[in-house]
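Please open the structure in your viewer and keep the selection tool at hand.

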Amino acid sequence: TKKHLIYDPYERRGIRDYVTSDSIKDVNWSASARSNELKVNVYNYTASQEILIFLSCQKENEWVLDQVIEEGISIAATIYEEFSKQGIKVGLITDSIDLDIDSNIEVYSGCEQDHGVLFNEGLAKINITACNENNISSYIHEQVINDTSVPLWIVISNATRNGMREAVNNAKENDFDVKWIIPKEKNTEILLENLNEVIIWD
């Protein structure tokens, strides 16, 4: 089935600081964003451990600053660093074009030292002026169709239109565990209608 996570029937007891023995699924992304430190929910569960990052380098509109996209790239790098050193595999799919091969930049899941080099090289190749005509939503739909068996998907995208909401909600409706991080400038409002469990990062 697509339900890769089985929670024990206990209520969440609270939030505490992340420690190296914690599992990725315990991370409370909203609390982490507010404190700029990793925080975890306190409850137990069993799950395989792997993360797939969907990183969008497209802007919501022409007024979005380049720094917002760069912050999204930095978030992806931080997620990889924090979890790969714990032996948790992390993969990457972007809507930025690798001009050398004329295809979107992707990095297969891994966590070994050599893989870290590949992951960072993938991020370094990102050119925010060279994006695929399809935004990251098309790749989310593709992975849903392929029934990609990764327990946690993290979407990093400042864009919330052009099919993004539909793609994320569709993945959730198909029982994929999806966390959506929306980088934005301070004092910039995001219309959150029909958006559930999103993390605003400013």
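Begin by selecting Ser-96 and Asn-127: a polar atom of the Ser-96 side chain lies 3.3 Å from the backbone nitrogen of Asn-127. This is a predicted model, in which local features need pLDDT of at least 70 and side-chain atom pairs count only at pLDDT 80 or more, while totals for chains, interfaces and linings use all residues. Residues are numbered from 1 along each chain as its sequence is written, and side-chain values use heavy atoms, with hydrogens and water left out.

The C-alpha atoms of Ser-96 and Asn-127 are 6.5 Å apart in space, although the two residues are 31 residues apart in sequence. Is Ser-96 buried or exposed? Ser-96 is buried, with a relative accessible area of 0% (buried means under 20%, exposed over 50%, partly exposed in between, with a 1.4 Å probe and protein chains only).

Next, display the strands (DSSP runs of E, at least two residues, numbered from the N terminus, as are helices, runs of H or I of at least four). Ser-96 lies in strand S6. An open sheet of 6 strands has the order S7-S6-S5-S8-S9-S10, with mixed pairing (strands pair if DSSP finds at least two bridges between them). Its edge strands, S7 and S10, each pair on one side only.

Now select Ile-182, whose bridge partner in S10 is Ile-200.

Finally, select Leu-55, which touches Ile-73, Leu-92 and Ile-156, among others (contact means heavy atoms within 4.5 Å).

Methods. Polar contact = N/O pair within 3.5 Å; in protein donor to acceptor, adjacent residues only side chain to side chain. Lists of a residue's contacts leave out its neighbours within four places in sequence.
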